Amino acid sequence: MPARSVVKGVDVSGKKVWQIAAGDAEHNYAGLCLNRGVVLNGPGSEGPWPDCAEALRSKWGLSARKLADLRQFCEEMRDGDLVVLRVGTAEVYGVGVVVGSYLWCSEFADVCGWSLQHVRRVRWLWKCSGEPKRFAPYTLKPGTTVQLLDSQQVIDWIAGLPADPGRL
């Protein structure tokens, strides 16, 4: 009898799953993230985190909420966490694993007119081919760039994606 191959899904148990915005309807940079193996955040023009925090507060007038968003991205997101790359509250373009620690990279100084030098490397487990995965509106949270994902519907979908265990 021939051996059967067993395809296992993405292991979400015990992992933080972050939803990361890749722009908006007018500035969608999901393709750049998928092609370069990154997720991005900004503004990054004032230098690396946390040294930039005071300048972002005083020069840019960033709110405490946006500064907390950057802090989460730079300090709380960890190697091995899962990320869901979204645009809007209904479209997912990629699912991946964070690889390594936070980076500041001048190469992303102008992405669709935005300064996005705060970078996390990602190994993509799933990328949309053409059309993104669509969910009902507001399945994903609106608001800041970085948030913990709490949609059970999306988490169940991720768990059902075929995954190479060697990649996690």
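**Overall fold and packing of the predicted model**

Going along the sequence, the protein chain runs β-α-β-α-α-β-β-β-β-β-α. That makes four helices and seven strands, in what is a predicted model. The radius of gyration comes out at 16 Å, close to the 15 Å that the globule rule gives for 168 residues, so the chain is as compact as a globular protein of that length. Laid along its principal axes, the set of C-alpha atoms takes up a box of roughly 70 × 30 × 25 Å. Of the 168 residues, 49% count as buried. The contacts reach well along the chain, too: taking those between residues at least 6 apart in sequence, 72% link residues at least 24 apart.

Now for the inside. The largest nonpolar core holds 35 residues, and the members touching the most others are Val39, Leu40, Trp49, Met77, Val83, Leu85 and Trp124. Two or more residues each come from β1 (17–21), α1 (30–36), β2 (38–41), α2 (53–58), α3 (64–76), β3 (82–87), β4 (91–104) and β5 (118–127).

Setting aside residues up to four places away in sequence, Leu85 touches Ile20, Ala22, Ala30, Cys33, Leu34, Val39, Glu91, Val92, Tyr93, Gly94 and Trp124. Two of these partners, Val39 and Trp124, are themselves listed with Leu85 among the core members that touch the most others.

Helix α3 is worth a separate look. Its buried residues are Lys66, Leu67, Asp69, Leu70, Gln72, Phe73 and Cys74. The cover over them includes β1, β2, α2, β4, β5 and β7 (146–148). Glu75 also lies in α3, but Glu75 counts as partly exposed because its relative accessibility is 36%, which falls between the 20% limit for buried and the 50% limit for exposed. Apart from neighbours within four places in sequence, Glu75 is in contact with Trp49 and Pro50. Trp49 is 26 residues away from Glu75 along the chain, yet their C-alpha atoms are separated by 8.8 Å. Trp49 also belongs to the largest nonpolar core.

Definitions and conventions:
Residues numbered from 1 in each chain as written. Predicted model: local features only at pLDDT ≥ 70, side-chain atom pairs only at ≥ 80, totals over all residues. Heavy atoms only, no water. Core = buried A, V, L, I, M, F, W, Y, C linked by side-chain atoms within 4.5 Å. Buried < 20%, exposed > 50% of the residue type's maximum accessible area, 1.4 Å probe, protein only. Contact = heavy atoms within 4.5 Å. Rg over C-alpha atoms; globule rule 2.2 N^0.38 Å.
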